[in-house]
Amino acid sequence: MGKITGFLEFDRKVEAYAPVEERVKNYKEFTIPMPEKELKDQGARCMDCGIPFCHSGCPLGNLIPDFNDAVYRGKWEKAAHILHSTNNFPEFTGRLCPAPCEEACVLGINEDPVSIENIEKNIVETAFEKGWITAQTPAVRTGKKVAVVGSGPAGLAAAQQLNRAGHLVTVFERDEKPGGLLRYGIPDFKMEKHVIDRRLNVLEEEGITFKCGIHVGKDIRADELNNDFDAVVLSGGATIRRKLPIEGADLNGVVQAMDFLSQNNRRVDGVTNFKKEIKATDKDVIVIGGGDTGSDCIGTSFRHGAKSVSNFEIMPMATTERPENQPWPFWPMRLRTSSSHKEGAERFFSISTKRFLGDEKGNLKGLVTAEVEWIKVPGQRPQLKEIEGTEKEWKCELALLALGFTGSEMSIAEQLGLETDSRTNIKASENDYMTNVPGVFAAGDQRRGQSLIVWAISEGRQAAYHVDKYLMGESLLPLKGEGDLPRI
């Protein structure tokens, strides 16, 4: 805990943002760091709550009161050790996690919760700045070889944990650089890519091998990979994008959000040779989908210089307060307004896109919507009903589909004979993360479906424990919520 009376003395504070007119001119991160005194005050707000429900809210089981107390007392290196004992990559979660721990904070029952995520980010940034984060190579190598397919947060976490256990780890990545959606999905204004690169440098120094530009299942067969390694961890993510099967969906200008975002990541990285450029410059843009990906599209469109940006969400507008049917400490479906929304997007709720409109050349020029309502039927899922007489035509030259993902590609599963669920997620029990094929494990979105970065890291860590146990008969790696070896 922090200061006994801290939650009574200090109000919640988080990092401020640079003004909109400044930040939309580039792709740099735009948060304004807080002075150390204010960060200590925020750590002081962590109360002596008896049972820290933040532990259960965090999929990683982070030891939150412990590092909050260390920050309050100015013991930053201790805080960094505590934080890294359960979380391999707090620089990612401290920027990108929606912070379910804060929704489970006891103080949040009737006050603003502790600003856990912001404290987490500042701990790890201080640790990098002070040089406390260095490569920690294993003292002994087991000689066992493990292939990790996919270098997103689940794959990277599994790779580091397995390397710590002494195994020889090779990470296969189909893109040109490691990072998965962290690199080719998350906009640079939310996380600049040098944040990934500095961590990758540490992982490589620790002995992990990265092989990029290799699409397992296409460039090399998955069954051949399985024969060459003692164990395989599949962490390729959920990559099949949900489509919008309506009239005009094939028009030039109807674009999947991840095509738009990943291209812009590459553009910021200096790549220019695109077969087809996707830009929002001087266009009326409509983003269909109200989640984080939709928000990322909004912020990117403004930085392109879009004429206007609108955001459609088929669900009703949520309340800003916690709904009665989602009590503390559960995650509530409340209205969340991102920094990108605040840059000028107009949001529309309970609206459904019926068809896209094109010109004679096959280019998108507009779309038609209708207002909808959700009819609640006892014992059944809510039913969607269109409201008669509410059709409306909108001008639009770029429609970005941010509708989520439905599962993973089937090539690996087919080549290995893996069991999958109805959404093509690879079946693997949380008991041991092993698939129906001995020695083949699955973790992250490829196993559980589209989810949060903090869940991906958690699953990567848990899978690593069970891989190590499979290879060696036992494992000294930690399970969820257990402190790792005291090192960063």
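D69 has a relative accessible area of 16% and is therefore buried, where buried means under 20% relative accessible area, exposed over 50% and partly exposed in between, with a 1.4 Å probe and protein chains only. D69 forms a salt bridge with R73, and their closest N and O atoms are 3.0 Å apart; the term stands for a side-chain nitrogen of Lys or Arg within 4 Å of a carboxyl oxygen of Asp or Glu. R73, at 48% relative accessibility, counts as partly exposed.

The model is a predicted one, in which local features need pLDDT of at least 70 and side-chain atom pairs count only at pLDDT 80 or more, whereas totals for chains, interfaces and linings use all residues. Residues are numbered from 1 along each chain as its sequence is written, and side-chain values use heavy atoms, with hydrogens and water left out.

**Salt bridges**

Side chains of opposite charge can pair when their charged atoms come close. By the rule given above, the count comes to 32 salt bridges, and the table lists three of these pairs.

| Pair | N to O distance | Relative accessibility |
|---|---|---|
| D69 and R73 | 3.0 Å | D69 16%, R73 48% |
| K40 and E36 | 3.7 Å | K40 26%, E36 42% |
| E343 and R303 | 2.9 Å | E343 8%, R303 9% |

K40 and E36 both lie in helix α3, four residues apart, which is about one turn of the helix; helices (H or I, at least four residues) and strands (E, at least two) are DSSP runs, numbered from the N terminus. K40 is partly exposed, and E36 is likewise partly exposed.

The side chains of E343 and R303 also meet in a salt bridge. This pair links distant parts of the chain, with E343 in the loop between β10 (308-313) and β11 (346-349) and R303 in helix α14 (residues 292-304), 40 residues apart. E343 counts as buried, and R303 counts as buried too. Elsewhere, salt bridges that share partners join E29, R95, E125 and R198 into one network.

**Helix packing**

In helix α3 (residues 36-44), the residues L39, D41, Q42, G43 and A44 are buried. These buried residues pack against α1 (6-9), α5 (64-72), α6 (76-84) and α9 (116-130), contact meaning heavy atoms within 4.5 Å.

Two packed helices are described by the angle between their axes and the distance between the axes. For helix α10 (residues 153-164) and helix α17 (residues 453-472), the axes come within 7 Å and cross at roughly 35 degrees; axes are lines fitted to C-alpha atoms, for helices over the stretch in contact, and angles run from 0 to 180 degrees between N-to-C directions. On the α10 side, P153, A154, A157, A158, Q161 and L162 meet residues of α17 that include I453, A456, I457 and G460. The residues of this contact divide into 10 nonpolar, two polar and two charged, with Ala, Val, Leu, Ile, Met, Phe, Trp, Tyr, Cys and Pro counted as nonpolar, Asp, Glu, Lys and Arg as charged, and the others, Gly among them, as polar.

An open sheet of five strands has the order β5-β4-β3-β6-β18, with parallel pairing, two strands being paired if DSSP finds at least two bridges between them. Its edge strands are β5 (209-212) and β18 (440-442), each of which pairs on one side only, and the twist from one strand to the next averages 20 degrees. Strand β4 (residues 168-173) pairs with β5 in the parallel sense over four bridges, and the bridge partner of E173 in β5 is C212. Helix α10 lies across β3 (145-149), β4, β5 and β6 (231-234), and runs at about 165 degrees to β4.
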